[in-house]
Amino acid sequence: QVQLVESGGGLVQAGGSLRLSCAASGSSFSINNMGWYRQAPGKQRDLVARITSGGSTNYADSVKGRFTISRDNAKKTVYLQMNSLKAEDTAVYYCNVGVVSQIDFIGRTYWGKGTLVTVSS
């Protein structure tokens with residue numbers, strides 16, 4: 001079993017910055033892709049950014065040039081640095097991690113509980 005703990009959400013003015021963190025804990029697994037999704041009220045959950053185990057990244061068009069995803073494999077943590085925030089970035093942000101069990105070698109995906117980011121205009 002893998003647990004994900006997110007932190008870093010909050011209220012910020014437009015143009016400001018926030019940094020989200022998501023730490024994975026548990027045992028007997030290796031981490032593949034790590035990513036962030038977001039869900040605004042009344043909308044579907046969409047991909048914000050993803051980073052592979054090799055460090056390759058991809059971003060939603062709406063955040064390119066403003067958000068940066070990174071990971072610390074030793075700490076089993078993924079980060080999302082969000083700059084130049086806009087009101088439309090307001091959403092609950094969810095961490096998503098893909099792992100492979102070292103016991104049964106089955107791949108599984110886990111979600112964090114979400115952290116709210118509110119950008120005031």
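Predicted model: local features only at pLDDT ≥ 70, side-chain atom pairs only at ≥ 80, totals over all residues.
Two residues are in contact when heavy atoms of theirs lie within 4.5 Å. Leaving out residues up to four places away in sequence, Met 82 touches Gly 16, Ser 17, Leu 18, Leu 20, Arg 66, Phe 67, Tyr 93 and Val 117.

Strands of a sheet pair through backbone hydrogen bonds, and the pairing can be parallel or antiparallel. Here four strands make an open sheet in the order 1-3-8-7, with antiparallel pairing. Strand 1 and strand 7 (67–72) are at the edges with a single partner strand each, so one side of each has no neighbour in the sheet. From one strand to the next, the twist averages 15 degrees.

Inside this sheet, strand 3 can be followed to both sides. Strand 1 (residues 2–7) and strand 3 (residues 18–26) are joined in the antiparallel sense by six bridges. Strand 3 is also linked to strand 8 (residues 77–82) by six bridges, and this pair too runs antiparallel. Cys 22 gives a handy landmark: Glu 6 stands opposite Cys 22 of strand 3, and Cys 22 in turn stands opposite Val 78 of strand 8.

Strand 1 also shows how a strand can present two faces. In a regular strand the side chains alternate between the two faces of the sheet. In strand 1, Val 2, Leu 4 and Glu 6 make up the covered face, while Gln 3, Val 5 and Ser 7 make up the uncovered one.

What does Cys 22 join to through a disulfide? The partner is Cys 95, with a distance of 2.1 Å from S to S. A disulfide is a covalent bond between the sulfur atoms of two cysteines. A search of the whole structure finds one such link. Cys 22 belongs to strand 3 and Cys 95 to strand 9 (residues 91–101), so the bond ties together parts that are 73 residues apart in sequence. The link of Cys 22 and Cys 95 is left-handed, with -80 degrees about the S-S bond. Both cysteines, Cys 22 and Cys 95, are buried.

Tyr 37 is in strand 4 (residues 29–39) and Trp 111 in strand 10 (residues 107–111), so the pair ties together parts that are 74 residues apart in sequence. Tyr 37 is buried, at a relative accessible area of 17%, whereas Trp 111 is partly exposed, at 38%.

Rings also meet charged side chains. Arg 19 lies over the face of Tyr 79, at 4.1 Å from the ring centre. Lys 76 lies over the face of Phe 29, at 4.7 Å from the ring centre.

Lys 76 is partly exposed, with a relative accessible area of 29%. Ser 84, in the loop between strand 8 and strand 9, likewise has a positive phi, of about 50 degrees, although it is not a glycine. Ser 84 is partly exposed, with a relative accessible area of 40%.

The last stop is Gly 10, which is found in strand 2 (residues 10–13). Apart from neighbours within four places in sequence, Gly 10 is in contact with Leu 18, Leu 116, Val 117 and Thr 118. Gly 10 is partly exposed, with a relative accessible area of 24%. Gly 10 and Gly 54 are 44 residues apart along the chain, and their C-alpha atoms are separated by 30 Å.

Technical notes:
Residues numbered from 1 in each chain as written. Heavy atoms only, no water. Buried < 20%, exposed > 50% of the residue type's maximum accessible area, 1.4 Å probe, protein only. Pairing = 2+ DSSP bridges. Disulfide = S-S within 2.5 Å. Lys NZ or Arg CZ within 6 Å of the ring centre and 35° of its normal. Axes fitted to C-alpha atoms, helices over the stretch in contact; angles between N-to-C directions.
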